[in-house]
Amino acid sequence: MPSFEQVKQSLESAGQAHVLQFWPELCEEERDVFLEELAQLDLKGLKDHCEAAAKAAASPPDSLDQHIEPIPPEFIGSVKKSGRDSLEEWERRGLLEISENCVGVLLLAGGQGTRLGVQYPKGMYNVGLPSGKTLYQIQAERIRKIQELADSKHGSKCTVPWYIMTSEFTLGPTETFFKENNYFGLEPTNIIMFEQRMIPAVTFDGKVILKDKGKIAMAPDGNGGLYQALVDNKVLEDMKKRGVKYLHVYCVDNILVKMADPVFIGFCVSKGADCGAKVVEKAYPTEPVGVVCRVRGVSQVVEYSEVQPQTAELRGPGGELVYSAGNICNHCFTRSFLQDVAEKYKDQLKQHVALKKVPFVDAQGVQVKPSKSNGIKMEKFVFDVFPFSRNFVAFEVVREDEFSPLKNADGSVTDNPTTARNSLLAQHCRWATSAGATLLDEYGNPLPLPSVSADDSPPAQCEISPLVSYFGEGLEQLLKGRTIHTPFVLDEKQAKKLQAQ
């Protein structure tokens, strides 16, 4: 470890000498811990990082209106627009790859649930389903089910390894949570947790923020920190050893995510794609989501702030939005593409500015919780690798079936625990009704099929365990012709009882 004098000199060279202003007030133990933290920083790159953050925060985003165009139709698949034969063929191909142990899933879970109002990882959140299941449990059970479906189709005994990228904030609680819940029935050796790097938060004039007298305010480097973390933790070597060729990468907060979706994977494989993105049709022109499109002929995600409203509102001959492919942080990569990114491109990823309220100590050493943004966190995004793809494809899915993120606390207009819970329950009501069941309310009155509008009253309390059905399949033999009183939870135990009747 470098000495105090060496660290001090490096900080002075980077224009960050203020970091040590409270050094005389620290006890010996605090000094040791702080020195160790400072030694782990990239002190040579710190000056560039701080200057880049301050410059980026002061610059308005470039307008890309003159340079963008939609993804050409031949590079797009769609659940709604592709033929049934194609969808079935892609599903067959995806299940085959899964059965041969060629598919892994990779979860981006480095963020805390602060916007949700909790101090623990989002994956541990219970949105209030009748079963009380957390996001982690739902996702684990979907992995178990897709393994079972692939095995029963191909007579295999396959494994879909689950790679979970955490951060300094989420690794410990996540490890403990999985252990306490017996890994939700998965083999512990097939759950690989690893940490992304942390980087300092800085002020608008490029100074590192002190969270405490002997601690820097650090933040995960965005979900685009994945590519550095794959290298730091030798994750690509693990994938190669297991024979994983395709990675389904997704974000923790989507309650409707289809783990290792065989249709999506089969589509990407059949197109020879090294990089694929699931998209949903934008709900309205100015919806604040990034759009998958091309800029100067190169596939990428353009943020809603990077185009003028008139461009966002452009419509085609059928009245459809020209730029409608909303990015939902749900991707398929080949392992070889990730290897290329790790070896050649990870240092070329774009830096994004996030303005945050960062708690700090002032010049007198007093703790301050700011009421407005006072700091810059520089982030990389997982989709920033799209421009390096040699064969990029997009796959359009139905929002109400596959995308309902959990970002905000109840009381917010969208993306809160209530909307997430209602999205899942409404989907399960549709599955049960499609399978031939009649749902009754608590008074024995038939319930209408739930609409997908977020403004509607909450759907019936009908929950179907992923261990019973991955995506609505196999329910007819259990539910056809039955009258079901809600609330109703169809778990494995209940399914066996129905089969026996």
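A: Cys251 has a relative accessible area of 19%, and because the limit for a buried residue is under 20%, Cys251 counts as buried. The predicted model contains 0 disulfides. Cys251 is accordingly in no disulfide, and the nearest cysteine sulfur, that of Cys329, is 4.2 Å away. A disulfide requires the two sulfur atoms to lie within 2.5 Å. Cys158 is also buried, with a relative accessible area of 4%. The closest cysteine sulfur to that of Cys158 belongs to Cys102, and the two are 10 Å apart, which is too far for a bond.

Cys251 belongs to strand 10 (246–251), and this strand is among the elements that cover the buried residues of helix 8. The cover of helix 8 also includes strand 3 (103–108), strand 4 (162–166), strand 5 (191–195), helix 7 (226–232) and helix 11 (335–345). Helix 8 itself spans residues 235–242, and its buried residues are Val235, Leu236, Asp238 and Met239. Viewed down the helix axis, these buried residues fall within an arc of 160°, so they line one face of helix 8. The face turned away from this buried side carries the exposed residues Lys240 and Lys241. After helix 8 comes Gly243, which has a positive phi, near 85°.

Strand 5, part of that cover, holds Ile192. With a relative accessibility of 17%, Ile192 counts as buried. Leaving aside residues up to four places away in sequence, Ile192 touches Asp238 and Arg242, together with Pro161, Trp162, Tyr163 and Ile164. Asp238 is one of the buried residues of helix 8. Between Ile192 and Gln308 there are 116 residues in sequence and 42 Å in space, from C-alpha to C-alpha.

Trp162 forms one aromatic cluster with Tyr136, Phe177, Phe178 and Phe184. The count of aromatic pairs in the model comes to 17. In the pair formed by Phe178 and Phe184, the ring centres are 5.3 Å apart and the planes stand at 85°, so the arrangement is edge-to-face. Both partners count as buried: Phe178 has a relative accessibility of 0%, and Phe184 has one of 8%. A further ring, that of Phe471, has the charged end of Lys258 sitting over it, 3.9 Å from the ring centre.

Glu141 is placed in helix 5 (residues 135–154). Glu141 is a buried residue, with a relative accessible area of 6%. Apart from residues up to four places away in sequence, Glu141 touches Lys133, Ser465, Pro466 and Leu467.

At the level of the whole protein, there is a division into domain 1 (65–401) and domain 2 (417–500). The contact between them takes 24 residues from domain 1 and 20 residues from domain 2. The centres of domain 1 and domain 2, taken over C-alpha atoms, are separated by 29 Å.

Conventions
Residues are numbered from 1 along each chain as its sequence is written. This is a predicted model: local features need pLDDT of at least 70, side-chain atom pairs count only at pLDDT 80 or more; totals for chains, interfaces and linings use all residues. Side-chain values use heavy atoms; hydrogens and water are left out. Helices (H or I, at least four residues) and strands (E, at least two) are DSSP runs, numbered from the N terminus. Buried means under 20% relative accessible area, exposed over 50%, partly exposed in between (1.4 Å probe, protein chains only). Contact means heavy atoms within 4.5 Å. The arc is that of the directions from the helix axis to the C-beta atoms. Rings of Phe, Tyr and Trp (its six-membered ring) pair if their centres lie within 6.5 Å; planes under 30 degrees apart count as stacked, over 60 as edge-to-face and the rest as tilted. A charge sits over a ring if NZ of Lys or CZ of Arg is within 6 Å of the ring centre and within 35 degrees of the ring normal. Domain bounds come from an automatic or database domain assignment.
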